[in-house]
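Colleague: I would be grateful for a close look at one part of this predicted model. Please take the residue I name below and set it in its surroundings.

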Amino acid sequence: MSKKILMLVGDFVEDYEAMVPFQILKMVGHTVHAVCPGKKAGETVKTAVHDFEGDQTYTEKRGHNFMLNADFEKIKPENYDAIVIPGGRAPEYLRLNDKVLEIVKHFVESGKPVAAICHGIQLLTAANVIKGRTLTAYPAVKAEILLAGGKWCEVNSTFSNACVDGNIVTAPAWPAHPEWIRKFLELLGTEIKV
């Protein structure tokens with residue numbers, strides 16, 4: 001059965017972490033509304049490509065323009081079955097928006113599926129909804145998870161693991177897409193037959 005999914009993005013959202021789940025979720029038959037505070041359907045956000053090239057942290061390059069297909073101001077979270085929160089630069093400032101935090105709280109507290117990846121977990125910590133929950137994220141976000149009362153799920157050497165705790169599935173970065181999206185589809189009750 002098709003689900004209606006909300007995706008929260010902003011300028012310099014991580015390119016793969018927005019584009020890939022958006023396309024995959026639509027490909028399997030779900031409706032996905034990508035929204036950004038202060039922007040409307042048809043407008044775009046700039047993305048950033050984060051890569052792992054042997055430095056002490058990720059590198060960042062300009063990505064694509066990602067087109068929004070719904071208006072943030074018209075969003076009613078009760079009309080959605082699940083939420084996707086990509087990482088990148090956007091979460092560090094989106095977490096300053098009270099309506100964004102209210103939306104995140106709605107999904108977590110109502111038990112609806114929540115998929116957050118990389119720095120997207122910053123929206124969960126800022127919404128104060130992870131106390132006692134086990135999550136993973138980009139390692140730089142570990143301190144925020146712990147300070148917000150969450151438990152840390154260790155990141156593997158290839159950044160390809162995902163962690164599920166109840167209705168929340170988290171992952172460290174885009175190399176985890178196969179695991180993260182598979183577990184999110186399971187939370188959604190989506191069956192794919194091969």
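Does Arg 133 count as buried or exposed, and at what relative accessibility?

Modeller: Arg 133 counts as buried, because its relative accessibility is 16% and the cut-off for burial is under 20%. Within the chain as a whole, 53% of the 194 residues fall in the buried class.

The side chain of Arg 133 meets that of Asp 165 in a salt bridge, with an N to O distance of 3.3 Å. This pair connects distant parts of the chain: Arg 133 belongs to the loop between helix 4 (121-126) and strand 8 (134-135), whereas Asp 165 lies in strand 10, 32 residues away.

Six strands form an open sheet in the order 3-1-6-7-11-10, and their pairing is mixed. The partner of strand 10 is strand 11 (residues 168-171); the two run antiparallel and are joined by three bridges.

Helix 6 (residues 177-188) lies across strands 1, 6, 7, 10 and 11, running at about 175° to strand 11.

Helix 6 also carries charged pairs of its own. Arg 182 and Glu 186 form a salt bridge at 2.8 Å, N to O; both residues lie in helix 6, four residues apart, about one turn of the helix. Arg 182 is partly exposed, with a relative accessible area of 39%. Glu 179, Arg 182, Lys 183 and Glu 186 are linked in a network of salt bridges.

For another pair that spans the chain, consider Arg 95 and Glu 144, whose closest N and O atoms are 2.9 Å apart in a salt bridge. Arg 95 sits in the loop between helix 2 (90-94) and helix 3, and Glu 144 in helix 5 (residues 142-147), with 49 residues separating them. Arg 95 is partly exposed at 25% relative accessible area, and Glu 144 is partly exposed at 24%. A search of the whole structure finds 10 salt bridges.

Terms used:
Residues are numbered from 1 along each chain as its sequence is written. This is a predicted model: local features need pLDDT of at least 70, side-chain atom pairs count only at pLDDT 80 or more; totals for chains, interfaces and linings use all residues. Side-chain values use heavy atoms; hydrogens and water are left out. Two strands pair if DSSP finds at least two bridges between them. Contact means heavy atoms within 4.5 Å. Axes are lines fitted to C-alpha atoms, for helices over the stretch in contact, and angles run from 0 to 180 degrees between N-to-C directions. Buried means under 20% relative accessible area, exposed over 50%, partly exposed in between (1.4 Å probe, protein chains only). A salt bridge is a side-chain nitrogen of Lys or Arg within 4 Å of a carboxyl oxygen of Asp or Glu.
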